[in-house]
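Hi everyone, thanks for making time for this. Please have the viewer open while I talk, and stop me whenever you like.

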Amino acid sequence: MSSQDEQFPAAAAAPEAAGADEGMTWWYRWLCRIAGVIGGMSCAFAGLWNCVTINPLNIAAGVWMMLNAFVLFLCEAPFCCQFIEFANAMAARADRLRAWQKAAFYCGMAVFPVVLSLTLTTLLGNAIAFATGVLYGLSALGKKGDAISYARIHQQQKQMDEEKLTGSLEGQAL
C-alpha cells in the first residue's frame, strides 16, 4: 500500500463499491473513463486554441474548457494529476457519485462554453466531454430487459385489452 492509500483508505475501496452498486460492467466503466480522458484532451486543445483571439467571450469559453479538461482528468484519470495532493481524494469522491450525477455534471460542464461562445471550436472541443456525460447517463438507465419478460408483459396487456373489449361488448348487448 502506498502512503496515499494509507491516508485515504476509502479512495482505494471506492471504485469497487461504485461498480458493484451501479451494475456497470468493467468494459463499460473503462469506456467511460477513456472517453473522459479523450474528452479532457479535446477540451484542453480546443480551449487553448479558443484563447488565441481578441474576443473576450471566446477567451472565457477557452478558459472554461481548459478548466473542464482539468476536472475530467482529475475525476477520470487521477494518475495524470499525481503531483496534485488532493487528486486522489477528489477522484475517490467522484467515484462515489452515481452515474446520473456524473452525467449531469459532465454534460453541464460541456454545455456552458458553447452557451458562452457558439463557435465550431467550442462545439467540437466539448463534443467528447458531452459524450462522456451521455455514456454515464446511459449507464444510469440500467440494463435492457430480456425479450421473454417483455413478451409476458405484452401478453398480459393483450389479455387485459381483450377482457375490456369483451366486457364492453357484453354491456352493449344487454
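This is a predicted model: local features need pLDDT of at least 70, side-chain atom pairs count only at pLDDT 80 or more; totals for chains, interfaces and linings use all residues.

If you read along the sequence, the pattern is simply α-α-α-α-α-α-α-α. There are 174 residues in the chain, and 33% of them count as buried. On contacts, take the pairs of residues at least 6 apart in sequence: 67% of those contacts join residues at least 24 apart.

Now to the charges. As a reminder, side chains of opposite charge can pair when their charged atoms come close. How many salt bridges does the count come to here? The count comes to 3.

Let's start at Arg33. Arg33 forms a salt bridge with Glu76, and the closest N and O atoms are 3.8 Å apart. Arg33 lies in helix α3 and Glu76 in helix α4, residues 56–76, so this pair ties together parts that are 43 residues apart in sequence. Are these two buried or exposed? Arg33 counts as buried, because its relative accessibility is 14% and the cut-off for buried is under 20%. Glu76 is buried as well, with a relative accessible area of 3%.

Arg33 has another partner, Asp95, and the N to O distance in that salt bridge is 2.7 Å. This pair links distant parts of the chain, since Asp95 sits in helix α5, residues 87–96, and Arg33 in helix α3, 62 residues apart. Asp95 has a relative accessible area of 7%, so Asp95 is buried.

Asp95 in turn meets Lys102 in a salt bridge, at 3.7 Å from N to O. Asp95 and Lys102 are both buried. Through shared partners, these salt bridges join Arg33, Glu76, Asp95 and Lys102 into one network. If you want to follow along on screen, select those four residues and show their side chains.

Lys102 brings us to helix α6, where Lys102 is among the buried residues. Does the length of α6 agree with what we expect, or disagree? The helix runs over residues 99–116, and at 1.5 Å a residue its 18 residues should span 26 Å; the end C-alpha atoms are 26 Å apart, which agrees. Besides Lys102, the buried residues of α6 are Ala99, Ala103, Tyr106, Cys107, Met109, Ala110, Pro113 and Val114. Looking down the axis of α6, these buried residues fall within an arc of 150 degrees, so they line one face of the helix. On the other side of α6, Trp100 and Val115 are exposed.

Last stop, the surface. Which residues make the nonpolar surface patch of about 1,000 Å²? They are Trp26, Trp27, Trp30, Leu31, Ile34, Ile38, Met41, Phe45 and Ile128. Helix α3, residues 26–50, gives the most to this patch, with 8 residues. Take Ile38 as an example: Ile38 is in helix α3 and is partly exposed, with a relative accessible area of 38%.

Methods
Residues are numbered from 1 along each chain as its sequence is written. Side-chain values use heavy atoms; hydrogens and water are left out. Helices (H or I, at least four residues) and strands (E, at least two) are DSSP runs, numbered from the N terminus. The expected span of a helix is 1.5 Å times one less than its number of residues. Buried means under 20% relative accessible area, exposed over 50%, partly exposed in between (1.4 Å probe, protein chains only). The arc is that of the directions from the helix axis to the C-beta atoms. Patches are made of residues with over 30% relative accessible area and no salt bridge: like charges are joined within 9 Å, nonpolar side chains (Val, Leu, Ile, Met, Phe, Trp, Tyr) within 5 Å. Accessible areas come from the Shrake-Rupley method with a 1.4 Å probe; for residues, only the protein chains shown count as cover. Contact means heavy atoms within 4.5 Å.
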